Every structure is written in structure tokens, then in C-alpha cells.
Amino acid sequence: TLARWEQEGKVQAIVTQNIDGFDKMAGSRNVLELHGSILRNYCLNCHKFYSGDYVFKSSSIPKCSCGGIIKPDVVLYEEVLDEKILSKAIEEISNADLLIIGGTSLQVNPAASLIAYFEGKHLVLINKDKTPYDYLADIVIHEDLAKVFEQIKKEVVS
């Protein structure tokens, strides 16, 4: 749904904490992966990049041709976010007319604090549980994100 909306010019960017790469696999192009992606991997020694397939097919700790350990290109606990991606996310959120935040409790920073940069007209929050920012939203939907988008997909098709 988001990929189609992006193609139609309705979505400018997707800012995600997910590391699974599903947004890009679905066809979205402007995806800002705050915590990186398991589909990109690199050698800690020589920085050569490896695909997710290479790592997933490894029977033990994946090693580079230089002998170094291959690490997923993800932000681990207490590591800092990529400054360029974070800046781009802030820019996209600051310039948005409508911000849809889905599938997050909005309790883990720095990602949760990005909502402070939104100066647009409408805020929509979709999450199973309440968030600390529900009071700011124009629309709050306490439902599973996948169910909400499945319903939107059905409504658009029919």
C-alpha cells in the first residue's frame, strides 16, 4: 500500500526503525532505515559489503575473504544512528503535511522524539496500544497496523 502511494505521489518518504527491508522489497524507494538493514552486511576489517543471502547461508559466523567478521549494517544497542539518515528523516518529517506513524509505541528514543519535528496539518497514529503522543493526533487507531492497511487496501480496491 505504501509503495503504491509513493508511486502515486501520495507518500514522500518512509521513516522506519525496522531492519528487515520489507518496505524496499514491497517497492518503496525513499525508505529511511534509521536502524539499518539486515540485507546489507559488511566486513568489520576491510569494509567490503556482502548481501543478506551470503550471511543467511553461512553455517557459522560469516567471514570475509580477508578473514574479518561480517556484521549486519544495523544499529545495535547504544550505537549511534547514521547522521545523514537521521537528518534526512528530520527533513522529511518537518516538510510533511500529513504524518502517519504506525506500529510503534513511541517510547524508544531517538526515533520517538522525531515526532517533535512535525509541523504539518494532520497527524495519524496507528498502534495496538496507546502511545504517549495520542493526545497530539487528529486520528488515533488502536489496531494492528497490518489489519489497518489490509482494510485500506480492500476499501481502495472495491
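This is a predicted model: local features need pLDDT of at least 70, side-chain atom pairs count only at pLDDT 80 or more; totals for chains, interfaces and linings use all residues.

Residues are numbered from 1 along each chain as its sequence is written, and side-chain values use heavy atoms, with hydrogens and water left out.

Back to the cysteines. How many disulfides are found in the whole structure? The search gives 0, where a disulfide is a pair of cysteine sulfur atoms within 2.5 Å. For Cys 46, the closest cysteine sulfur belongs to Cys 64 and is 3.6 Å away, so it is too far for a bond. Cys 66 is in no disulfide either; its nearest cysteine sulfur, in Cys 43, lies at 3.5 Å. Cys 66 is partly exposed, with a relative accessible area of 39%.

Next, the backbone. Most residues other than glycine have a negative phi, and most peptide bonds are trans.

The peptide bond from Asn 109 to Pro 110 is cis, and its omega is near 15°. Pro 110 sits in the loop between strand E6 (98-102) and strand E7 (122-126). Strands (E, at least two residues) and helices (H or I, at least four) are DSSP runs, numbered from the N terminus.

His 47 is not a glycine, yet its phi is positive, near 70°. The loop that holds His 47 runs between strand E3 (36-43) and strand E4 (49-51).

Glu 78, also not a glycine, has a positive phi of about 75°. Its loop lies between strand E5 (70-74) and helix H4 (83-95). Is Glu 78 buried or exposed? Exposed, with a relative accessible area of 69%.

Last, Ile 14, in strand E1 (residues 14-16). Ile 14 is buried, at 9% relative accessibility. Which residues does Ile 14 contact, beyond its neighbours within four places in sequence? They are Leu 2, Asp 23, Ser 28, Asn 30, Val 31 and Leu 32, with contact meaning heavy atoms within 4.5 Å. From Ile 14 to Asp 138 there are 124 residues in sequence and 20 Å in space, C-alpha to C-alpha.

Definitions and conventions. Buried means under 20% relative accessible area, exposed over 50%, partly exposed in between (1.4 Å probe, protein chains only).
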